[in-house]
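Visitor: I have a structure to look at, and I am new to this. Could you walk me through it?

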Amino acid sequence: MRMCGGKETIMPSLHDFIGLLEGCFDNREQFEDKKKQGTQFPYAKHINTVCNGRIADLPQDFAGVFLLEESYYTSNGKTHASPHLFLFTEENGAVTLTSYQMPEGYTNDTFTAGKIEKLSFQELKVSEKFTPAVYTLRDGVWEGGSVSMFSPVLKFTLFERFSAEWLEVSESMEVNGKRTFGYDEPIIYKRIPAESC
């Protein structure tokens, strides 16, 4: 398990779920196919690191898993970093993703597994605008998502499917019902060697 340090005690289904997510992934295969077709599509990379060991003051017997997702999107020659801290918890065979705000003192460029210092659990703040996403296992594939209203006019829709072969991610932003971010088809991430991260 790729971790920022420390060990976790987690439920078997959550352990399996996190095993699919941790590590390094990109959509190079999809990106190259789109390029050959003459279709504009981003090159995207995820670096997912379990970080319970970097968080102080976790409750005793804490069963959740904090995961730092470093996302990088390259489009039109420009790369944009978008890190997120997620907490995954398990209940009755379903896994819930709760998003947390970026801790104070960090930026999109410095909130990375290689640069974060010890974080305090007591100071971490849940992102109230993000509706927790719930995932269930169907025919060997975890799938789920959520719809969040970031403002009265700004809607964020997330739908994901995770398997041992790929991570399928669909995200879109709508302002007054008009899409301002997102693509007609999901981004398909596949695992890549750690040295390629």
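Visitor: Is Glu168 buried or exposed?
Guide: Residues are numbered from 1 along each chain as its sequence is written. This is a predicted model, where local features need pLDDT of at least 70, side-chain atom pairs count only at pLDDT 80 or more, and totals for chains, interfaces and linings use all residues, while side-chain values use heavy atoms, with hydrogens and water left out. Buried means under 20% relative accessible area, exposed over 50%, and partly exposed in between, with a 1.4 Å probe and protein chains only. Glu168 has 16% relative accessibility, so Glu168 counts as buried.

Visitor: Which residues join Glu168 in one salt-bridge network?
Guide: A salt bridge puts a side-chain nitrogen of Lys or Arg within 4 Å of a carboxyl oxygen of Asp or Glu. Arg161 and Glu168 meet this way at 3.6 Å, N to O. Bridges with shared partners link Glu168 into one network with Arg138, Glu143 and Arg161.

Visitor: How far apart in sequence are the parts tied together by Lys190 and Glu29?
Guide: The two form a salt bridge, with the closest N and O atoms 3.1 Å apart. Helices (H or I, at least four residues) and strands (E, at least two) are DSSP runs, numbered from the N terminus. Lys190 lies in strand β13 and Glu29 in helix α2, so the separation in sequence is 161 residues.

Visitor: Which cysteines form a disulfide?
Guide: A disulfide is a pair of cysteine sulfur atoms within 2.5 Å. A search of the whole structure finds one. The S to S distance is 1.6 Å, and the pair is Cys24 and Cys197.

Visitor: How many residues apart in sequence are the parts that this pair ties together?
Guide: Cys24 is buried at 3% relative accessibility, whereas Cys197 is partly exposed at 35%. Cys24 sits in strand β1 and Cys197 in the segment after β13, so the separation is 173 residues.

Visitor: Which residue in β13 stands opposite Phe25?
Guide: Two strands pair if DSSP finds at least two bridges between them. Strands β1 and β13 have three, in the antiparallel sense. Opposite Phe25 stands Arg191.

Visitor: Which residue in β5 is the bridge partner of Tyr72?
Guide: Strands β4 and β5 run antiparallel, joined by eleven bridges. They form a hairpin with two residues between them, and Asn76 in the turn has a positive phi of about 55°. The partner of Tyr72 is Ala81.

Visitor: Is Ser99 buried or exposed?
Guide: Ser99 is in strand β6. Contact means heavy atoms within 4.5 Å. Beyond neighbours within four places in sequence, Ser99 is in contact with residues including Leu85, Val126 and Phe130. At 8% relative accessibility, Ser99 is buried.
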